[in-house]
Amino acid sequence: MNITIRETQHSDLTEIMRVEEEAFGSKIEAELVQNLLNDQTAEPRLSLLAFDGENAVGHILFTAITIGESTVKASILAPLAVTPEAQKQGIGGKLIKAGLAQLKAQGVSIVLVLGHPEYYTRYGFSPVYPHPINAPYPIPEEHRDAWMMHVLDDTDLSSIAGTVTVSDELGKPEYWQE
């Protein structure tokens, strides 16, 4: 595979939707992405597509968040999608790395994700707990390690606490349940 990654453009929406639907086997995540791309409260956002030649095979979306009263620049990763035929080939990891590098260059200090700990820890994420940074909705104790963060700079976490505020679209409770 010859993978290239680039920022998405408005004209990529059909391909983004296809990748999301194929990756998740439903329209739920695709509709979430479409809504997030149109949600002004999600800005600034970073949307990247991975291509194998001319074929889009992966997509990742980062949207702006705030953490309590902190002024630290932060984002949340949601969702990450790779089409079934392209999975387990490192494409998700390449999307994560490319996204984190661009966010760091844009001055983002912290990136959060609610995801599989064994996967995201490979890319520098670690459980938020015991730091007092709370998800928009409570995370059950048995899944608390799925609430993870990646600190991109030398931000002092001791001064950051509170509940995360996400975009209007991502703030819907159904996106925070198992």
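Mentor: A salt bridge is a side-chain nitrogen of Lys or Arg within 4 Å of a carboxyl oxygen of Asp or Glu. This is a predicted model, in which local features need pLDDT of at least 70 and side-chain atom pairs count only at pLDDT 80 or more, while totals for chains, interfaces and linings use all residues. Residues are numbered from 1 along each chain as its sequence is written, and side-chain values use heavy atoms, with hydrogens and water left out.

Trainee: What makes E141 and R144 a salt bridge?

Mentor: Their closest N and O atoms are 3.0 Å apart, and the limit is 4 Å, so the pair qualifies.

Trainee: Why is E141 called exposed?

Mentor: Exposed means over 50% relative accessible area, buried under 20%, and partly exposed in between (1.4 Å probe, protein chains only). E141 has 56%, so E141 is exposed. R144, with 29%, is partly exposed.

Trainee: Is D12 buried or exposed, and how do you know?

Mentor: D12 has 7% relative accessibility, which is under 20%, so D12 counts as buried. Its salt-bridge partner is R6, with the closest N and O atoms 2.7 Å apart. R6, at 30%, counts as partly exposed.

Trainee: Why are R18 and E22 said to be about one helical turn apart?

Mentor: They are four residues apart in helix 1 (residues 13–24). An α-helix has 3.6 residues a turn, so residues three or four places apart point the same way. The side chains of R18 and E22 meet in a salt bridge at 3.2 Å, N to O. E15 is linked with R18 and E22 in a network of salt bridges.

Notes
Helix = DSSP H or I, 4+ residues; strand = E, 2+ residues; numbered from the N terminus.
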